[in-house]
Amino acid sequence: MKLVSFNIQNYRSIIHSGWCNLAHDNITSLIGQNESGKTSVLEALNSFYTGEIHEDVLRSDLSLPIVSCKFELGKKKMTSFIDLSLLPDELHQVVGDARHFILTRCWKADRSAILFIGTEEILNYYEKKQVEKASIEEKTQVEIKKLLQEADKIFNEMAVAENLKEESKDQLTQSRKNLDRAGKTLRRSKKPDVKLVAEKELESLQKEYDLAEKFYTESVEKYEEKKQKTQQLSEKVTVCKACSEALQKLDKLKEQLHEYDILIRELDHQLEIATSEKDQRAAFTKIQKMKAELELVEREYQLHAKEEALHILVAGKVLSGTPYKAALQQALGEIEEESRLYTIFSIGDILHRQLPIFEFFEDFSSLLPNKIDLEDILIENSNVEGYKAARNFLEVAGLNAAFFREKNHRILKQKIENLNGEITINFQDYWSQNVGKNSKIRLNFELEHYDYTHPEKSGKPYLEFWIKDKNERLYPKQRSRGVRWFLSFYLELKATARKSNSQRILLIDEPGLSLHARAQEDVLKVFEDLKDSMQILYCTHSPHLIDTNKLYRILAVQRADEEDDRSESLILDPGSLHAASSDTLSPVYSLMGVKINNQDFIKAYNNFLVEDTLTYYYLNAFCQLAGIEDKPSFIPSTGLTNIPVLANILLGWKIDFSILVFGESRADAILSELAKSFFFAKEEEMKNKIVKMYEFEYPEDIFSTLDFKKYLLQRREGITQTNSEFILEQGLSRTILASQFINFCQDKSLTIKDFDDTTQGNIHKLLDKVVKQVP
């Protein structure tokens, strides 16, 4: 498994890096000026792995960091770690076919971290389900609110109906009494006129009674109707009220959590600005107390969140007509099934445990000690000085505790002597520096025993380390900082590579600062040796830690506004290096010059002065493509204007040379100056010494438009002007394009036949003018 790309947001000066690809061969270098944000990239990746951030990584706008990393599974499949039976059916094929996955870590205001699977198809599925669930919950909450409002109305109506029923009942009772009294009066009436009055009153009261009875019957019916409705709603109302109360409680807890976040941030700020130790202790104590309280509230929130989820699920089912008991059983079953299945967070945790180990090295502070007790190594006493470096030394030597149990002292000494020879040879494969002219350093360790001068340890074994050269045998601490650093670096990386779990990603900030240029190249040599067993990502300003033949390894980091060190950091991948500033790319430019300086340029014949290093690289590449063995010697100037100076120097050295120039409009003034010199006084001599390629403004114009896009730009573009005009208009880096072309030629083993007829014709036209026979 390997890290293939990363995306960093809101981490110090990095607002949004976009996806940045690492080199395919496991060595990636970050270049850029001081304060550009290189170290922030390494720290962000380390934070991704550990989940830890510090206050100083947070941006002033309080936006919180998010770091995503994409990993390639290699030969393994995701199903090696993920149980398909714990995934929704819809994701089985996605996970089964996956060759990559993305993990994302983000942080909360209290700087606690959340890790989850960020692979698009998987994340989209869970987000879709979450949206669907949220939509259902929102709909249920609307229905709950509507039902409770309806229930309040019905309960009020029932209360009114009940009052009306009681009133009508009283009226009916009173009417009954009046009617009975009128009947009695009628029965007691003897006189005709009195009896007539009594009959009329009875008839009137009978009508009143009939109306009262009818009104009572109707009010009873209305009451029963309302009562039946309330009985039908009572179960739903009970469920909905419980759900509503749970939601209110959860909202209050959310408010509490928010308040705690604000308070803790304020206390963090107080701790940061506290000037006295007393104030710092007080602020720290308050923070710890507040965090303890926050933890309790968070636990309560989690508990109520589970209860609320159950309540709202049951409420939704009850509102749909499912009886409460059945709804509760169904909801519990669904929650149990959901809890059984993976979440984006549990998948993230599982995959995180399978990742390569991220190791951040700001400095190899564990330097090799002069001596260390063998017991401290065997019991892994990491607190003793130099423990880590001594352990690494023995790891590289392939030694373990059993080695030191050899009872024959002579045999043990002989084994140690043999090992010292092997370790030295291995170390010298990487450390090419000499002490003086010829003396190379050698590494030695010896097993000794304390004598009577150390009575508390007398007879106990200890290891003694030496760094020897031809003339001196010195303890590690007596050697230079550069030697000690490189030795520590070498031991750390070699020991790491030997471990059984060799999946590691090394994050190294400014390796080899105290080393000579050649020793820095030795650091790169160590990287090259270990790249098959681990990934290495490092920051550097040194041109000696960059391979210009492998610019695909470079990520350039620079500020969006180079005049403002508060502007955001941009990370440019190899395909975008043309957008990097010259200051950012200075290690690349410097190294191209250094490489030229290391060449054996000047020959007895067929030397050509050319405009610059880019022309030098293109011309050598053309000769290689054409298979020319006895190629001309191209000597780069530092621009057309400096060709006369260089010409006069070569003239003074009595070296035969010619001059190759491109671009008539640019070269004519220089040639006029050369024509005035005594060396080019004669027109015929001028003609013989100057090779003009005026049909091309720059070497890039030798390529056809198609080949320019294919081998230099390495992307499709609509180009309607010359190649050099396109480069100028687009603000592209000629240096990066040249390097990409050279790398492409080497990686693909191209020949001139791989180019179209136009390019081939132009290359042959050029070479016919500069390739001469031996005189």
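Biologist: How much space lies in the largest pocket?

Modeller: A pocket is an open set of points on a 1 Å grid over the protein atoms alone, where a 1.4 Å probe fits, with protein on both sides within 12 Å along at least five of seven lines. Here the largest pocket holds about 2100 Å³ of space. This is a predicted model: local features need pLDDT of at least 70, side-chain atom pairs count only at pLDDT 80 or more, and totals for chains, interfaces and linings use all residues. Residues are numbered from 1 along each chain as its sequence is written, and side-chain values use heavy atoms, leaving out hydrogens and water.

Biologist: Which residues lie nearest the centre of the largest pocket?

Modeller: Lining residues have an atom within 4 Å of a point. There are 44 in this lining, and Gln130, Lys133, Glu137, Ala309 and Glu338 lie nearest the centre. Helix H3 gives the largest share, 15 residues.

Biologist: How many salt bridges does the structure hold?

Modeller: A salt bridge is a side-chain nitrogen of Lys or Arg within 4 Å of a carboxyl oxygen of Asp or Glu. The structure holds 26. In one of them, Arg12 pairs with Glu43, with the closest N and O atoms 2.1 Å apart. Arg12 lies in the loop between strands E1 and E2 and Glu43 in helix H1, so the pair ties together parts 31 residues apart in sequence. Arg12, Glu43 and Asp56 are linked in a network of salt bridges.

Biologist: Is Arg12 buried, partly exposed or exposed?

Modeller: Buried means under 20% relative accessible area, exposed over 50%, and partly exposed in between (1.4 Å probe, protein chains only). Arg12 is partly exposed, because its relative accessibility is 25%.

Note on methods
Grid points are joined across faces, edges and corners, and a volume is the space filled by probe spheres set on the points. Helices (H or I, at least four residues) and strands (E, at least two) are DSSP runs, numbered from the N terminus.
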